[in-house]
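Here is a short tour for someone meeting this protein for the first time. Take a look at the chain before reading on.

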Amino acid sequence: MTTPTKKILISQPEPTSGRSPYYSIAEKHGYSLEFRQLIKVVTVEPSEFRRQRVDILSHTAVILSSKSAIDNFFTLAKELRLTIPESMKYFCPSESIALYLQKYIVYRKRKVFFGDNGQLADLVATIAKHPKETYFLPVSENAENTLFDMLTEKKITFNHAVMYRTVTRGLDEEPMAFDHDIILFFSPYGIKALKELCPNFEQGDKVIGAFSDSAAEAVEQAGLRLDFAAPVPGVPSMPAALDLYLSQHAE
């Protein structure tokens, strides 16, 4: 087999396990891989949080929508020198996210609740079964208000505050060439990072794939050509979409 000359950039961290379906797909089609995370999530400064005038300890429950939300909630609480009471309840979209709480708390089912399918509607239905709680919702900067609207519709008492934000990684490093043949994006922030890291980027023959509707929309809003996307019917994942695209465009 000849040495791969074409390159795929996957804008995510390289798997620590060394396992990923991308490796076999790249070998199958004669490509090399580069994993590079273009973005990172950072906790806001305590002073910025305080300016929002939200008292976390006045709430009886916290809605944690992701593992990132969990990390930043407890990181900032520590920086604020807050002691989260044992009585605090936690609501998460799925069991896998709820189990991640074990990194920070003694996990007890009577104070940790989660939806069955990971969907926001299911999470809100779970929350609605506990209408007497006062909920705190840590969010990212520029968070979509879909969950806000759903909670309001169910007459759930809640407050929210920005506790973290997504920023471009490596702006202080050497500029990236983005000389890859295929670039895969997984969020709108990845597109924003591309523009910041390579302001003069020209797509030309480069193939762009996007995972999620929001990432696909961001590609097109940036004036770039979207060559394939996932999930779509019959193609539930980005590896599946990449494999299909390469199979259909084999030289």
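## A parallel pair in the sheet

Strand β5 covers residues 89–92 and pairs with β6 in the parallel sense. Three bridges hold this pairing. Within it, Tyr90 stands opposite Val112 of β6.

This is a predicted model. Every value below is computed from it.

## The whole sheet

The pair belongs to an open sheet of six strands. Their order is β3-β8-β7-β4-β5-β6, and the pairing is mixed. Strands β3 (39–43) and β6 (112–114) stand at the edges. Each has a single partner strand, so one side of each is left without a neighbour in the sheet. From one strand to the next, the twist averages 25 degrees.

## Strand β7, inside the sheet

How many of the six residues of β7 are buried? Six of the six are, so β7 is largely enclosed by the rest of the structure. Both of its faces are covered. Tyr135, Leu137 and Val139 are buried on one side. Phe136, Pro138 and Ser140 are buried on the other. In a regular strand, side chains alternate between the two faces of the sheet.

Strand β7 has parallel pairings with β4 and with β8. Two bridges link β4 and β7, and Ala61 has Tyr135 in β7 as its bridge partner. Six bridges join β7 to β8. There, Phe136 stands opposite Asn159 in β8.

## Helices across the sheet

Helix α5 spans residues 120–128. It lies across β4 (61–63), β5, β6 and β7 (135–140). Its direction is at about 155 degrees to β5. Thr126 is found in helix α5 and counts as buried, because its relative accessibility of 13% falls under the 20% cut-off. Setting aside neighbours within four places in sequence, Thr126 is in contact with Phe91, Phe113, Phe114 and Gly115.

Helix α7, residues 188–197, lies across β3, β7 and β8. It runs at about 40 degrees to β8.

The largest nonpolar core has 43 residues. Those with the most contacts inside it are Phe49, Leu64, Phe73, Tyr90, Leu101, Phe136 and Leu151. Helix α3 (residues 67–79) gives the most to this core, with six residues. A second, separate core has 20 residues, including Met176, Ala193, Ala215 and Ala218. In soluble globular proteins, nonpolar side chains tend to be buried together.

What does Phe73 touch, not counting residues up to four places away in sequence? The list is Ile56, Val62, Leu64, Ile84, Tyr90, Phe136, Pro138 and Met163.

Arg165 has its place in strand β8, which covers residues 158–168. Is Arg165 buried or exposed? Its relative accessible area is 17%, under the 20% limit, so Arg165 is buried. Its side chain is joined to that of Glu48 by a polar contact of 2.6 Å. Leaving aside neighbours within four places in sequence, Arg165 is in contact with Lys40, Val41, Val42, Val44, Glu48, Ser140 and Glu141.

Phe158 and Phe73 are 85 residues apart in sequence. In space, their C-alpha atoms are 16 Å apart.

## The protein as a whole

The protein has 251 residues, and 43% of them count as buried. Its secondary structure comes to nine helices and eleven strands. Along the principal axes, the C-alpha trace spans about 60 × 40 × 35 Å.

The protein is divided into domain 1 (1–34) and domain 2 (44–166). The C-alpha centres of these domains lie 36 Å apart.

Definitions and conventions:
Residues are numbered from 1 along each chain as its sequence is written. This is a predicted model: local features need pLDDT of at least 70, side-chain atom pairs count only at pLDDT 80 or more; totals for chains, interfaces and linings use all residues. Side-chain values use heavy atoms; hydrogens and water are left out. Helices (H or I, at least four residues) and strands (E, at least two) are DSSP runs, numbered from the N terminus. Buried means under 20% relative accessible area, exposed over 50%, partly exposed in between (1.4 Å probe, protein chains only). A polar contact is a pair of N or O atoms within 3.5 Å; within protein, one must be able to donate a hydrogen and the other to accept it, and residues adjacent in sequence count only if both atoms are side-chain atoms. Contact means heavy atoms within 4.5 Å. Domain bounds come from an automatic or database domain assignment. A nonpolar core is a set of buried Ala, Val, Leu, Ile, Met, Phe, Trp, Tyr and Cys residues joined through side-chain atoms within 4.5 Å. Two strands pair if DSSP finds at least two bridges between them. Axes are lines fitted to C-alpha atoms, for helices over the stretch in contact, and angles run from 0 to 180 degrees between N-to-C directions.
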